[in-house]
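Here's a quick tour of a few spots worth a look while you have the structure open.

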Amino acid sequence: MAHKKVARTVRPIIPVLVFFILISAFCAYRIYEPLESQAEPAEYRIIVPSGATLRTVARDLEEHGIIRSADLLYLYGRLKGVFLKAGIYKVHAGMSIPEICAVLESGKQEYIAVSLSEGLTVRKIGAILEKNGITAAEDFIKAASSRTLLNEFGIPADSFEGYLFPDTYNLDFGMSAERVVRILASNFFEKIKTVEALNGKTGRELHDTVILASIVEREYRLQEEAPLIASVFTNRLKQNIGLYSCATLVYVLTEIEGKPHPDSIKIEDTKIDNPYNTYKWAGLPPGPISNPGLTALKAAASPPETKYYYFRLTDAARGSHVFSETFDGHKEAAPVVTKRAAN
C-alpha cells in the first residue's frame, strides 16, 4: 500500500517538472537568441551613468529595440551577478543578452568623437563637451583658468583661450575637465611645431602671436586672405593704430557681456569701454578672442610685407575682401553685398 501512495504522489509532479523545463528552455532561447539576425542590425550607443541600475539599463535597451525583453536581461544579470561600469557602449540588436551584458561590464567603452572647429571660444567648447557627455561646461571653463595648469604649459595668461587646438578628438564619457584641457593644449603645442615661424617662440612672444592669430581666425573666411588680413593688423600695430576689428567687438558683446551674436556692429558698440575693444584702444587686446587653427597661426606668425592698412568685406556670400593702402581707397571699395558681423 505504501508503494502505491508514493507512485500516486509522483505522477502529478511530472507535468510540473516538464512545464518548468520547457519554460527554462524557452527563456534560455530568448536570452541567447539575438533580436535581429540580419547583416546590419540596429546599433545603439547607450550611456551608463555612474550608479545606474541594471533594470534601468535593460528598459533603455528594450525601448531602443536592442533586446526583446528588459525582464529577461534583468533576470540574467541578477543570476550572473553582472556589475555595470559607467561609460558609453555600442551595442546592437544582433547581440545576445549575455554578449550585451559582457560589454556593459567590460569597461571598454566607446570613444566619443568630438569635432571642435576653428574660432571657438572656451565657453563654446565647454558647451560642446557637455552636450556630448564628456564633462560639465562649468568644470571645463574652470579648468581652462587653472593657474596650476597654465603654469604647467608656460602660458602667460589667465586662461587657455587661444591654446585649445581645433581638431577632432576621441574622448571618454565623464572625463575630467583638467584632462580634456591637457589633451587640447598638448595638441596645440604639438601642432605649432610644424609652423617654422613659431619655432623658438615661447612665453610673451608666442602669446602675442596667438592673440593676433585669434583675431585673424575670426576675420577671414577665404584661406588665401588670412595672410593679407594678418598683414593689415601687423602694419597697424607697427604704427600704433587701432586694429578696428569687428571680431573683438563681437567677443566683448557675446563672451564678456553675454549678449546674443549681433547681426552687425553699431556705432555705439565701438564706444564700449573695454580693453578688448580695438576700436577704442590701440595695440593687441589683453588676450586671445578665440582658438585659432593652423591657417591663422601661420598667417600671424609670418605675415607678408604689404602696404595694406584697411580691408573691407565686398562679397558676404563668398567672404571675400578688398584690401586698401589708404582710407580714401577703403571708402571707394565696392560696397558690402550683405552686412555681416564677424562670427
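Tyr244 sits in the loop that links H10 and H11. Keep in mind that this is a predicted model. That loop, between helix H10 (226-238) and helix H11 (246-256), also holds Asn240.

- Tyr244 has a phi near 50°, which is positive even though the residue isn't glycine.
- Most residues other than glycine have a negative phi.
- With 46% relative accessibility, Tyr244 counts as partly exposed.
- Asn240 is another non-glycine residue with a positive phi, near 55°.
- Asn240 is exposed, at a relative accessible area of 57%.

**Helix H2 and its surroundings**
- In helix H2 (residues 54-63), the buried residues are Leu54, Val57, Ala58, Asp60 and Leu61.
- Those residues span an arc of only 160° around the axis, so they end up on the same side of H2.
- Their packing partners are strand S1 (43-48), helix H3 (70-80), strand S2 (87-92) and helix H4 (97-104).
- Just past H2, Gly65 takes a positive phi of about 70°.

- In soluble globular proteins, nonpolar side chains tend to be buried together.
- The largest nonpolar core here has 60 residues, and Phe140, Phe160 and Val216 have the most contacts inside it.
- A second, separate core has 22 residues, including Leu54, Ile66, Leu84 and Cys101.
- Back to Val216: setting aside neighbours within four places in sequence, Val216 is in contact with Ala226, Ile229, Ala230, Phe233 and Ala296.

Conventions. Residues numbered from 1 in each chain as written. Predicted model: local features only at pLDDT ≥ 70, side-chain atom pairs only at ≥ 80, totals over all residues. Heavy atoms only, no water. Buried < 20%, exposed > 50% of the residue type's maximum accessible area, 1.4 Å probe, protein only. Helix = DSSP H or I, 4+ residues; strand = E, 2+ residues; numbered from the N terminus. Arc of directions from axis to C-beta. Contact = heavy atoms within 4.5 Å. Core = buried A, V, L, I, M, F, W, Y, C linked by side-chain atoms within 4.5 Å.
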